[in-house]
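Subject: A structure for you to look at

Hi there,

Here is the structure I promised to pass on. Have a look at it first, and then read on for what turned up in it.

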Amino acid sequence: MKRILSIFTIVIILCATYGVCYADSENSPMVRLRAGIQGVIEILNNPEYKGHPEKNAEKADKVRETIKNFFNFEELSKRAVGRPWLKFTPEERTHFVDLFTQLLEQTYLGRIEDYSGEKVAFDKETIVKGKYAQVDTRLLTGDKDIPVFYRLKLVDGEWDVYDVKIEGISLVRNYKTQFAGIIDTSTDAAFAASKKELFARLDRKCKELDKTNNATASQQKQ
């Protein structure tokens, strides 16, 4: 699982592009994905941050804001929760998206130094029913190519990523399995209690990761 986590970190946050095949449309899923990660590359290659571990936190903040431009965290949250999402109140949905986004950011941005120059080949895009798409890529590690599939949804004229699948493991499905073990919809009382437990666990995990990441950042500055 540690290896998968490292790969997720690289492909979600730190992809570098390697041209193989590009779609023609300016608003195609592949073009959208490439444009999004290009913004991340520019931050990582910025001399202001490169080789300056004391600025890792500032660099991570800029990467975080860039990722939000092409990742749909609301769609990712909805799919990770599954059918119980329909019973969440609007306030609970907003709260969940906020916590889950923090969890993903703390998990993957905390491993930002895992990146060691890997590149990604963009192979093809497939559009399904006009508003869903998959972009097939390969992570070029040097030893072997690892297939990575990005799933995107068209919302308000923009293609945004809502899932990433690596070596048969979907980011959404991975978390959905974990959340399904917490959420209990057998009765209204059980559902209310399990939602409270879910939010508490997410909040606790976010704080733990934040503490760990801050400690790591402090060590890097020394």
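A word on confidence to begin with: pLDDT is the predictor's confidence in each residue, from 0 to 100. This is a predicted model, in which local features need pLDDT of at least 70 and side-chain atom pairs count only at pLDDT 80 or more, while totals for chains, interfaces and linings use all residues. Residues are numbered from 1 along each chain as its sequence is written, and side-chain values use heavy atoms, leaving out hydrogens and water.

The protein chain has a mean pLDDT of 84, with 83% of its residues at 70 or more. Helices (H or I, at least four residues) and strands (E, at least two) are DSSP runs, numbered from the N terminus. Confidence is highest in helix 4 (residues 73–81), at a mean of 96, and lowest in strand 1 (residues 17–18), at 48. Over residues 14–24 the pLDDT stays under 50. Where pLDDT is low, the predicted coordinates should not be read in detail.

Now to the core. A nonpolar core is a set of buried Ala, Val, Leu, Ile, Met, Phe, Trp, Tyr and Cys residues joined through side-chain atoms within 4.5 Å; buried means under 20% relative accessible area, exposed over 50%, and partly exposed in between (1.4 Å probe, protein chains only). The largest such core has 50 residues, and Phe96, Phe100, Tyr175 and Phe179 touch the most other members. Helix 5 (residues 90–109) contributes the most to this core, with 8 residues.

Beyond four places in sequence, phenylalanine 100 is in contact (heavy atoms within 4.5 Å) with Leu76, Ser77, Ala80, Tyr175 and Phe179.

There are 14 aromatic pairs in the whole structure. Rings of Phe, Tyr and Trp (its six-membered ring) pair if their centres lie within 6.5 Å; planes under 30 degrees apart count as stacked, over 60 as edge-to-face and the rest as tilted. The rings of phenylalanine 96 and phenylalanine 100 are tilted, because their planes are at 35°, with centres 5.5 Å apart. Both belong to one aromatic cluster, whose members include Trp85, Phe88 and Phe191.

Happy exploring!
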